[in-house]
Amino acid sequence: MAIELYRDKTHACLMFTDLMEEDGQAVQCNQFLIVDHGTGAIIDPGGNLAFNELFMGMTRHFAPQKLSYVIASHADPDIIASLDRWMSSTKASLVISRVWERFAPHFTKVGKTEDRVIGVPDSGGRLPLGRTELLLPAHFMHSEGNFHFYDPISRILFTGDLAVSMTTGAEARKPVVHLPAHIPRMEAFHRRYMVSNKILRLWAQMARQLDVQMLVPQHGAPIIGKRAIEDFYCWIENLECGIDLFGAQHYQVPTAQIDPATRQMRTGHVAVATP
């Protein structure tokens, strides 16, 4: 079932958290439907694992044939691998960073994206949906071409892989209002997937200029309330991550062997040719 993040007479933001079977083989993902005065957009629709349930779920709230945009914060498979099916079943345009504009068609059959891709420049832009939504630059969090989607009516900032927490679909339905207890579910992911502290500090400086009532990531639970959101900004501003944590020890010729039967690593010695 969809969760109403926001609704008034003409505008709605819905979140889907548990559209795929949670068997440990694939990461939990959220998908989003935004509707304003009869204009609709799907944000980060996900892969084929979620397509059928998402398509049927959105029909209860909005006719897929009227969908204007499929918005992809970046080009990961859990973001947009179902693109071919959305291009086949709707007339929507794909909105994606220009960095990925010519890569996204690889998810579809030949010709499906022709004249249907809106490439977002590095500086972001204002997309005509309702009162004009903002596509905010979010480079290297974690993708080279990445942006976030700000809805000025609901004051929700959809943050893609930023503010992610590792939870189940059921747990993702429960908003976070007290950040400190939630950080252990976020820390390992952010340290590995965010590129550097510099990027996080620049993003927080930009985000503070907006009136944000809710941070909603593509994995895990929304963060709600001014206090929790400010605590999140403060946390990421001081987080060492990505290249901050890597050194020469991470770039060594490997010696461990991968056992294809057990899918485990075992120590061994590999002969390395010398010049």
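## Packing of helix 5

In this predicted model, the buried residues of helix 5 pack against strand 9 (133–137), strand 10 (147–151), strand 11 (156–160) and helix 6 (226–237). Helix 5 spans residues 197–207, and its buried residues are Asn197, Ile199, Leu200, Trp203, Ala204 and Ala207. Their arc around the axis is only 155°, so they sit on the same side of helix 5. Lys198 and Gln205 are exposed on the other side.

## Nonpolar cores

The largest nonpolar core has 32 residues. Trp203, Ile223, Phe232 and Tyr233 have the most contacts inside it. Strand 9, helix 5 and helix 6 are the elements that give two or more residues to this core. Helix 6 gives the most, with six residues.

Take Ile223. Neighbours within four places in sequence aside, Ile223 is in contact with Ala163, Val176, Leu179, Met186, Gln213, Met214, Leu215, Ala228, Ile229 and Phe232. Another core, of 26 residues, lies apart from the largest one. Leu19, Phe62, Ile79 and Leu94 are among its residues.

## Backbone exceptions

Most residues other than glycine have a negative phi, and most peptide bonds are trans. The peptide bond from Met141 to His142 is cis, with omega near 0°. His142 lies in the loop between strand 9 and strand 10.

Two aspartates have positive phi. Phi is near 50° for Asp44, in the loop between strand 4 (39–43) and helix 1 (48–59). Asp44 is buried, at 2% relative accessible area. For Asp115, phi is about 60°. Asp115 belongs to the loop between strand 6 (93–97) and strand 7 (117–120). Asp115 is exposed, at 78% relative accessibility.

Methods
Residues are numbered from 1 along each chain as its sequence is written. This is a predicted model: local features need pLDDT of at least 70, side-chain atom pairs count only at pLDDT 80 or more; totals for chains, interfaces and linings use all residues. Side-chain values use heavy atoms; hydrogens and water are left out. Buried means under 20% relative accessible area, exposed over 50%, partly exposed in between (1.4 Å probe, protein chains only). Helices (H or I, at least four residues) and strands (E, at least two) are DSSP runs, numbered from the N terminus. The arc is that of the directions from the helix axis to the C-beta atoms. Contact means heavy atoms within 4.5 Å. A nonpolar core is a set of buried Ala, Val, Leu, Ile, Met, Phe, Trp, Tyr and Cys residues joined through side-chain atoms within 4.5 Å.
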